[in-house]
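This report goes through a single protein model, one local feature at a time. Please keep the sequence and the 3D view open while reading.

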Amino acid sequence: MAESGVYIIGCTDCGESVCAASGRISTQQGTALEIFERSHDAQKNSKLISKVIRSGHTSTTEHMLFNLAFENVSVVVEQFMIEFRLASFTVKSRRYVDFSNSGYYVPKLESEELKAKYTSHMDFLFSLYSELCENGVAKEDARFVLPYCFFSNFFCSLNGREMVNVLRAMLYGRGKDIPEIYGIGLSLLRECKEKAPGVFENFEADNENYRDLADLSFVHAQQQEQELKKDVEILSFTPDCEKLVAKAALIESGRFSSTDIESALADKRTVSKILDAVFASDRPRALESAVFTVKFNDISLSTLTHLARHRMQGICVPQLDSCNRRSYIIPPSVKESGLLEKYIAAFERTAALFEEFKSAGIPSGQSVYCLLSGNTIDVVSTMNGRELRLFFALRTCTRAQWEIREKATRLLFELRKEAPLLFKSCGPSCFSKGKCPEGRLSCGKMSEMNERFS
């Protein structure tokens, strides 16, 4: 079995040739293929690519693609990675796969006593996970007690430009204080330099002053405490969003004068019909004109992965070490299992272990593993109307994980209050499209869902 870490299992076979050709095509005579045929000198390519990158034209590196396999890395690494929205991911599902024997990451701790406490506690948590599963608790609920050190395996594909961003964050940004992520970054950089020397030649010099987190130390911070919050809060949205989308659609058609457009927008029924026509389109670009910023309160770390998978959004996720370890999700299935006391004790004991680590001076990059998947944080997401339609189609479906389904449903009903014409037909696919895409896995409740969402 391969050691824990990340492996480049695939890379564009023409490598830096296509990057160099893209750097030449703007200034040289010839067709695309003619220029590409002149771009097979590795040394000249590397020199040109390095020059182009220094001039700021880094888009040329997007033509080189990398396929990565993450082998037995902690879920901390997974969470770090999935925030890179221009990369593609396929992750082993905690909803369906049994993680009882997945194993876990052990940080390097100088104190043998603390190391023994750490491993003993993690063994207890995995044992509780198995016990929950054996007592009828679904894996998607039992996973809330999995510690954030458990091993994850996943594939990731990204272009050269995004690879630079990932390595920059690993080695100079928010990942540098987590030894596991920093070590993975070093090994990945070595491989990248072998496969793309021109792209990564000056990587260290170019990024030594990089900082990916704003310094907000001047703002006074209150001690964290439990507070009553809504499931979701709409922080901001485009004014007159319904009329704006309708106007964008009319302009896009290219058939209407300014007078025609203003006349159409003055009639609410016409606006509604225009929006219906946009919804029926397979390319509803006009919906992207309306933008909504939303705060998801007390979302579990497990469910955060479902939200973060939506690539077309701006998402702001707090650093994991800022999580309130006394705040966590209790699934209804756990309450019915007879293991509620053990479940609550798992979170209390994990919080106590974190406090012990903190008192012993263990840095946050090591104690971050004293988090459970059921711990909660607040997240801000910004999506446009088109992405929200997709979000609701996937996440209000009965096949969606229950926590993200509850958040999505609540958000949809809140948005309908603000923009009823824009969101009136949003909901699961059976409601919004009139058919279920789940095949034999369909819940068979189409009429019930139609009634609920209409």
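## A buried proline in a loop

Pro428 counts as buried, because its relative accessibility is 1% and the limit for buried is under 20%. The model described here is predicted. Pro428 sits in the loop that runs between helix H20 (420-423) and helix H21 (429-432). Its C-alpha lies 8.4 Å from the C-alpha of Phe453, and the two residues are 25 apart in sequence.

## Helix H18

Helix H18 covers residues 385-395, and Phe392 is part of it. Phe392 is buried, with a relative accessible area of 0%. Between the C-alpha atoms of Phe392 and Thr409 there are 7.6 Å, while along the chain these two are 17 residues apart.

Arg389 is also found in helix H18. Is Arg389 buried or exposed? Arg389 counts as buried, because its relative accessibility is 17% and buried means under 20%. From Arg389 to Ser429 the C-alpha to C-alpha distance is 9.7 Å, across 40 residues in sequence.

## Helix H3 and its two sides

Helix H3 spans residues 42-54, which is 13 residues. From its first C-alpha to its last it reaches 18 Å, close to the 18 Å expected at 1.5 Å a residue.

Which residues of H3 are buried? They are Asn45, Ser46, Ile49, Ser50, Val52 and Ile53. These residues cover an arc of only 165 degrees around the axis, so they are on the same side of H3. The general rule behind such a pattern is that an α-helix has 3.6 residues a turn, so residues three or four places apart point the same way.

The other side of H3 holds the exposed residues Gln43, Lys44, Lys47, Lys51 and Arg54. One of them, Lys44, has a relative accessible area of 56%. Lys44 counts as exposed because this value is over 50%. In space, C-alpha to C-alpha, Lys44 is 8.6 Å from Ala20, and the two are 24 residues apart in sequence.

Strand E3 takes in residues 88-91. Phe89 and Val91 form its covered face, whereas Ser88 and Thr90 form the uncovered one. In a regular strand the side chains alternate between the two faces of the sheet.

E3 is joined by four bridges to strand E4 (residues 151-159), and the two run antiparallel. Which residue of E4 is the bridge partner of Val91? The partner is Phe154.

## Strands E8 and E9

Strand E8 is made of residues 324-328. Four of its five residues are buried, so E8 is mostly covered. E8 pairs with strand E9 (residues 375-384) over two bridges, in the antiparallel sense. Tyr328 has Asn375, in E9, as its bridge partner.

## The cavity

How many cavities of 30 Å³ or more does the structure hold? There is one, and the volume of the largest cavity is about 30 Å³. Its lining consists of Phe292, Val294, Phe296, Ser381, Thr382, Met383, Leu388 and Leu411. Strand E6 (291-300) and E9 are the elements that give two or more residues to this lining.

By type, six of the lining residues are nonpolar, two are polar and none is charged. As a general point, rolling a probe the size of a water molecule over the atoms shows where empty space is left.

## Two residues with positive phi

Most residues other than glycine have a negative phi, and most peptide bonds are trans. Asn72 has a phi near 45 degrees, a positive value in a residue other than glycine. Asn72 is placed in strand E2 (residues 65-74). With 13% relative accessibility, Asn72 counts as buried.

Asp240 likewise has a positive phi, near 50 degrees, and is a residue other than glycine. Where is Asp240 placed? Asp240 is in the loop between strand E5 (232-237) and helix H11 (241-253). Asp240 counts as exposed, because its relative accessibility is 62% and exposed means over 50%.

Key. Residues numbered from 1 in each chain as written. Predicted model: local features only at pLDDT ≥ 70, side-chain atom pairs only at ≥ 80, totals over all residues. Heavy atoms only, no water. Buried < 20%, exposed > 50% of the residue type's maximum accessible area, 1.4 Å probe, protein only. Pairing = 2+ DSSP bridges. 1 Å grid on protein atoms, 1.4 Å probe; cavity = no way out; pocket = protein on both sides within 12 Å on 5 of 7 lines; lining within 4 Å. Points joined across faces, edges and corners; volume = space filled by probe spheres on them. Nonpolar A, V, L, I, M, F, W, Y, C, P; charged D, E, K, R; others polar. Expected span 1.5 Å × (residues − 1). Arc of directions from axis to C-beta.
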